[in-house]
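Here are my notes on the model you sent over. Have the structure open while you go through them.

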Amino acid sequence: MSSTRLDPYSDRYAARTHGMTASEIRALFAVVSRPEVVSLAGGMPAVTALPLDAVGSMIGDLVSGHGAATLQYGSGQGDPRLRERICDVMALEGIGVGGDADALPDNVVVTVGSQQGLDLVTRVFCDPGDIVLAEAPSYVGALGVFQAAQAEVRHVEMDADGLIPEALREALLTLRAEGRRAKFLYTVPNFHNPAGVTLPVERREQILALAEEFDLLLIEDNPYGLLGFDREPLPALRSRAADRVIYLGSFSKTFSPGLRVGWVYAPVAVREKLVLASEAQILCPPSLTQYAVARYLDTQPWEQQIKVFCELYRERRDATLESLTALMPDGVSWTKPDGGFYVWLQLPEGLDSKVMQPRAVAARVAYVPGIGFYADGAGQRFLRLSYCYPEPDRIREGVRRLAGVIESELELRETFGGIDPATLHGADAASVRATGTADEEGFAIRSRSGGSTPGADAL
Ligand SMILES: Cc1ncc(COP(=O)(O)O)c(C=O)c1O
């Protein structure tokens, strides 16, 4: 590629940058952030439900009383006190409970959000062209990391109970027949982003058994596990298989995403590599925010606060599901999350969430189109709704507007049935069709490999 007047550096960029583009949401960001638009798009936690004064004075005290440590460089692996407290948090999902001798602060690596953890794990394991297995759909930020590493993503089908073990077996057998092997399976077992579904215990056992049979490494990404509405957390995959699972955790959803504190919990050998990779990247995680999290866990009723968050999100989930049931036209279906932030919605046949998006923004409601959550261009009939941020009344209004948009899309389909959506909506739709593949078969999308560009900011 030669340089152009618009970008004189274009002939120098590394190959890994070629697929990097902004997501549809980022393109629409200015419009979507206007107050008259109800945004059901971003997955921003409701941080104003925190005891802000108490957190503020705690952080002020950390600077004025302990500045020599909190404003200084720290350990590349992360603050030892925080790593101890992280083990207490993981115990809530069964990690290190009941004789797991491996559950040690020494095996925790503190990261700048779990996003950095994902990046480190991918750097440590993936060369360009390597295969990564991931659910269909998958967290957009993970797809961005895999793409930047030039890994090849193969999607594995999900249904309303998360990853389907038989589909995983099929994918592993296919790889074996090709003489290839996946570097790992990336999975979000609890309150999945974007699908909102949770893997039951029985499937967890089946997936661990497959990991054993096929010598597969699992990356368990679990930022939402403690945000269940109706029951105690399920045991983490990591709690059942110390050597097979690398666990990613985060304080972003249970405390604050602005502090950017997450962690990786890994077998010893991997932990060494992760620390070296992290030191090369950032030297050490920020001291102040690590102290802030450790102090918060030491002095504030954090488990009680998680319950406060859960109640708040439950109310918003209820507002979402009730208004979807009351207002959506026939042919629209959606998942029923019992925790976390997201509902995954399927449009009637012939509708395309990316093509519909400008019309939705004009009706002052925003969502994330499904295609961002697939590495292979699938997902046109799907969209993600986040209920974590808007108040229930705003959610109801947002769903009402969305239902109106879908209804008028259906009328268009009736009137112009069979006409290409690009003709009805303008040239933008053409790019969707160019990468898209048919996904008319319900929640579970048949897996395919591919390399389209996920958005990077639709958390
Ligand atoms: C599944 C999943 N993994 C990782 C992340 C990144 O979180 P963090 O803020 O810890 O980097 C998110 C954020 O939304 C997420 O949904």
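1. How many residues does helix α5 have, and how far does α5 reach from its first C-alpha to its last? Helix α5 covers residues 113-125, which makes 13 residues, and spans 19 Å between its end C-alpha atoms, close to the 18 Å expected at 1.5 Å a residue. (The expected span is 1.5 Å times one less than the number of residues in the helix.) Helices here are DSSP runs of H or I with at least four residues, strands are runs of E with at least two, and both are numbered from the N terminus.

2. Before going further, a word on what you're looking at. This is a predicted model, in which local features need pLDDT of at least 70 and side-chain atom pairs count only at pLDDT 80 or more, while totals for chains, interfaces and linings use all residues. Residue numbers start from 1 along each chain as its sequence is written.

3. Now the overall picture. The protein has 16 helices and 15 strands. Of its 459 residues, 47% are buried; that means 20 or more other C-beta atoms within 10 Å of the residue's own, with 12 or fewer counting as exposed, anything in between as partly exposed, and C-beta atoms placed from the backbone. Taking contacts between residues at least 6 apart in sequence, 78% link residues at least 24 apart. A contact here is two C-beta atoms, placed from the backbone, within 7 Å.

4. Back to α5, which is mostly covered, with 10 of its 13 residues buried. The buried ones include G113, Q116, L120 and T122. Buried residues of α5 pack against strands β2 (108-111), β7 (218-221), β8 (245-250) and β9 (262-265), and also against helices α6 (140-148) and α10 (268-282).

5. Have a look at β8 next. β8 pairs with β7 in the parallel sense over 4 bridges, and I246 in β8 sits opposite I219. (Pairing needs at least two DSSP bridges between the strands.) β8 is also joined to β9 by 4 bridges, this time antiparallel, with Y247 opposite Y265.

6. β9 is covered on both faces too: G262 and V264 are buried on one side, W263 and Y265 on the other. β9 also pairs with β2, antiparallel and over 4 bridges, and there V264 stands opposite V109.

7. V264 turns up again in the largest nonpolar core, which has 110 residues; V132, V264, V293 and Y367 have the most contacts inside it. This core draws at least three residues from each of domain 1 (22-50 + 304-450) and domain 2 (52-300), bounds that come from an automatic or database domain assignment. A nonpolar core means buried Ala, Val, Leu, Ile, Met, Phe, Trp, Tyr and Cys residues joined through C-beta atoms within 7 Å. Leaving out residues up to four places away in sequence, V132 touches C126, F146, A151, V153, A182, K183, F184 and Y186.

8. Which residues does R244 touch, once those up to four places away in sequence are set aside? They are L208, A211, E212, L217 and L218. R244 lies in the loop between α9 (237-240) and β8, and counts as buried because 20 C-beta neighbours fall inside 10 Å. Between R244 and E212, 32 residues apart in sequence, the C-alpha distance is 7.7 Å.

9. A54 is partly exposed because 13 other C-beta atoms lie within 10 Å. The C-alpha atoms of A54 and Y296 are 9.3 Å apart, although 242 residues separate them along the chain.

10. Last, there's an open sheet of 4 antiparallel strands in the order β10-β11-β14-β13. β10 (333-334) and β13 (368-369) are at the edges with a single partner strand each, so one side of each has no neighbour in the sheet. β11 (residues 342-346) and β14 (residues 382-386) pair over 5 bridges, and L345 has L383 in β14 as its bridge partner.
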